[in-house]
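Colleague: I would like to learn how to read a protein model feature by feature, taking the general idea before the particular case. Could we work through one together?

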Amino acid sequence: MGFGTLGVVKRWQLVTAHPRPTGSRLAVVALLTAVIAGALLVGRVLAADPIGYGVPIWPFANSADQAEDRVMQSVVKAARADAASLGNLTGIPSAIAAGDVEVIATKTQPNGMAIWLLLRLHVPSVGTRCREAVVLGATPVEVNSRTVTCTT
């Protein structure tokens, strides 16, 4: 017999809750996979035409794309300046035709608010590249382009 409660020693055990297997880990893996696949898909699309999408930066664009972007920036500047000075889009083909840019074909919308251009760009240290460009509106002028193959 002991004193007080020393004769009866209780044995306590640490009880921990074990998590039940749920779909939470699988959901996290699926979500991360979807995010990574989406990022890769977006990167692949942007790399197809970085100038047209406005991201002429690494990892989407190489040095040739960056040189092409510099030529296209001069095209955009000339188109905006000409449209601002004339108030219409009729003089844009002659305004953007310079040493680096050759206008191959043009089509003007009947109302005169849009002009389509097929451009051959002579990009330094790269060679020749072609782009379709659409110039919209007179104020402010919006210029959109996409890369095309040079056929003519």
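Modeller: We shall go from the overall fold to the sheet, then to the disulfide, the salt bridges and a surface patch.

Modeller: Please keep in mind throughout that this is a predicted model.

Colleague: Then let me begin with the fold: how many helices and strands are there in the protein chain, and what pattern does the chain follow along the sequence?

Modeller: The protein chain has 3 helices and 4 strands, and, read along the sequence, they follow the pattern α-α-α-β-β-β-β. Of its 152 residues, 30% count as buried.

Colleague: In what order do the strands form the sheet, and which are the edge strands?

Modeller: The general idea is that strands of a sheet pair through backbone hydrogen bonds, and that this pairing is either parallel or antiparallel. Here the 4 strands make an open sheet in the order β1-β2-β3-β4, with antiparallel pairing. The edges are β1 (101-108) and β4, each of which pairs on one side only, and the twist from one strand to the next averages 25°.

Colleague: What lies between β2 and β3 in their hairpin?

Modeller: The hairpin of β2 and β3 has 3 residues between the strands, and S125 in that turn has a positive phi of about 65°.

Colleague: Which cysteines form a disulfide, and what is its handedness?

Modeller: In general terms, a disulfide is a covalent bond between the sulfur atoms of two cysteines. The count for this structure comes to 1 disulfide, formed by C130 and C150, whose sulfur atoms are 2.0 Å apart. C130 lies in strand β3 (residues 127-136) and C150 in the segment after β4 (142-148), so the pair ties together parts that are 20 residues apart in sequence. The torsion about the S-S bond of C130 and C150 is about 115°, and the disulfide is therefore right-handed.

Colleague: Turning to charges, how many salt bridges does a search of the whole structure find, and with which side chains does R131 meet in them?

Modeller: The general idea is that side chains of opposite charge can pair when their charged atoms come close. The search finds 6 salt bridges, and one of them joins the side chains of R131 and D49 at 3.1 Å, N to O. That pair links distant parts of the chain, with R131 in strand β3 and D49 in the loop between α1 and α2 (63-86), 82 residues apart. R131 also meets E68 in a salt bridge, at 3.0 Å, N to O. E68 lies in helix α2 and R131 in strand β3, so this pair ties together parts that are 63 residues apart in sequence.

Colleague: Are R131, D49 and E68 buried or exposed?

Modeller: R131 counts as buried at 1% relative accessibility, D49 is buried as well, and E68 is buried with a relative accessible area of 2%.

Colleague: What do E132 and R146 contribute, and which residues do shared partners join into a network?

Modeller: The side chains of E132 and R146 meet in a salt bridge of 2.8 Å, N to O, which links strand β3 to strand β4 across 14 residues; R146 counts as partly exposed at 46% relative accessibility. Salt bridges that share partners join D49, D65, E68, R129 and R131 into one network.

Colleague: Finally, which residues make the nonpolar surface patch?

Modeller: V28, L32, I36 and L40 make a nonpolar surface patch of about 410 Å². I36 has its place in helix α1 (residues 24-48), and at 53% relative accessibility I36 counts as exposed.

Note on methods
Residues are numbered from 1 along each chain as its sequence is written. This is a predicted model: local features need pLDDT of at least 70, side-chain atom pairs count only at pLDDT 80 or more; totals for chains, interfaces and linings use all residues. Side-chain values use heavy atoms; hydrogens and water are left out. Patches are made of residues with over 30% relative accessible area and no salt bridge: like charges are joined within 9 Å, nonpolar side chains (Val, Leu, Ile, Met, Phe, Trp, Tyr) within 5 Å. Accessible areas come from the Shrake-Rupley method with a 1.4 Å probe; for residues, only the protein chains shown count as cover. A salt bridge is a side-chain nitrogen of Lys or Arg within 4 Å of a carboxyl oxygen of Asp or Glu. Helices (H or I, at least four residues) and strands (E, at least two) are DSSP runs, numbered from the N terminus. Buried means under 20% relative accessible area, exposed over 50%, partly exposed in between (1.4 Å probe, protein chains only). A disulfide is a pair of cysteine sulfur atoms within 2.5 Å. Two strands pair if DSSP finds at least two bridges between them. Axes are lines fitted to C-alpha atoms, for helices over the stretch in contact, and angles run from 0 to 180 degrees between N-to-C directions.
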